[in-house]
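Visitor: I'd like to learn how to read helix packing and sheets in a model. Could you walk me through one?

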Amino acid sequence: MKPQWFYHKIVSFILTGIFFLKVSIVLPQASDSTNLKIFLDDFDQSRGCASAVPTNPKRFWLVTGVHAAGYGASLYGLSTIWYANYNQTSFHFFNDMDEWAGMDKLGHFVTSWQVSNFSYKLFAWAHMRNDRAALVGSSVAALYQSTLEFFDGFSDGWGFSWGDVGANFLGCTFAYFRNTGRLKNVQYKYSFHATTYPQYRQELLGKTVPEQMLKDYNGQTYWISLNAPAKWFTEGHNWLCFSFGYSIDGFTGADKNQFDEKYALNPPSFERVGELFFSFDIDFEKMDIQNKFLRTVLKVFNVVKLPFPAIGFATNGRLLLKPFYF
């Protein structure tokens with residue numbers, strides 16, 4: 001998955017997510033005659049309701065319709081706006097397992113994880129039984145991600161990648177295990193800091209900070225956050241997490257460094273390394289926040305690793321000490 005492909009995939013996910021959230025918040029008020037406070041309370045308590053209350057038919061069909069509309073609209077938009085700008089070929093495969101030191105595969109994994117969780121929460125809000133909501137949520141994410149990979153197979157600039165499919169499947173599977181309680185103390189998150197590398201390949205790594213957040217793997221870090229033991233906290237609210245992150249540094253190309261034309265005569269030399277970090281994090285889902293609206297807002301941002309001090313090492317043996325790492 002090349003960075004520009006990752007960019008459009010994330011954009012489509014964000015736009016679809018905004019559409020999901022907007023319809024889910026607005027329409028239930030009209031169909032169920034509820035106010036926003038009651039809706040947020042139901043959404044927040046969805047995990048408990050999902051296994052204790054029969055499926056709500058109105059909410060179920062609403063969520064199903066939103067999924068179908070979002071799926072169809074995003075794919076149509078991509079086919080007419082994104083794929084139309086690239087040459088199409090016959091279906092073919094593409095082996096990108098040795099590119100970007102695995103960062104693109106982590107991107108697929110975490111994206112699939114988050115899409116699965118988002119879909120799960122919508123079906124849980126419809127009071128679908130918890131194990132079914134988890135299965136449907138992960139299946140929806142797997143279908144959507146697999147459809148994008150299928151489209152990739154006809155694009156001249158890349159192709160169908162079994163590595164991407166495998167990462168997508170693992171992300172959906174891990175999300176299923178978490179949403180059924182088997183990995184309830186595990187979160188996968190993302191963080192970003194600006195780097196100097198985009199100036200050397202602006203089209204590939206991004207011209208602006210928003211683009212670089214999605215294109216520049218050097219500034220991205222993917223984290224696994226593990227909740228501290230519940231016995232350390234009163235009433236089991238184990239919101240503190242131990243986080244382990246992975247990133248790369250020195251990459252201006254997928255499998256080798258390349259530079260924009262103005263650097264061709266005197267290209268800089270960067271050592272390409274992987275970086276491993278240990279840090280701390282906060283799980284907002286485990287915090288006892290009384291205000292329901294604030295609790296819901298914070299949970300939306302639970303996909304992002306919070307800035308904390310970090311310690312780590314690079315694959316060349318260099319010690320990494322970060323007093324404030326994001």
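Guide: Here we go through a helix pair and then a sheet. This is a predicted model, where local features need pLDDT of at least 70, side-chain atom pairs count only at pLDDT 80 or more, and totals for chains, interfaces and linings use all residues. Residues are numbered from 1 along each chain as its sequence is written, and side-chain values use heavy atoms, leaving out hydrogens and water.

Visitor: How do helix 5 and helix 7 cross?

Guide: Two packed helices are described by the angle between their axes and the distance between the axes. Here the axes of helix 5 (residues 103–125) and helix 7 (residues 162–179) come within 7 Å and cross at roughly 40 degrees. That makes helix 5 oblique to helix 7 (under 35 degrees is roughly parallel, over 145 roughly antiparallel, 65 to 115 roughly perpendicular, the rest oblique). Axes are lines fitted to C-alpha atoms, for helices over the stretch in contact, with angles from 0 to 180 degrees between N-to-C directions. Helices (H or I, at least four residues) and strands (E, at least two) are DSSP runs, numbered from the N terminus.

Visitor: Which residues of helix 5 meet helix 7?

Guide: Among them are Phe 109, Trp 113 and Tyr 120, with Leu 170 and Phe 174 among the helix 7 partners; contact means heavy atoms within 4.5 Å.

Visitor: And what order do the strands take in the sheet?

Guide: The 6 strands form an open sheet, ordered 1-2-3-4-5-6, with antiparallel pairing (two strands pair if DSSP finds at least two bridges between them). Strand 1 (186–192) and strand 6 (319–325) are at the edges, each with a single partner strand, so one side of each lacks a neighbour in the sheet. From one strand to the next, the twist averages 25 degrees.

Visitor: Where does helix 5 lie relative to the strands?

Guide: Helix 5 lies across strand 1, strand 2 (220–227) and strand 3, at about 125 degrees to strand 1.
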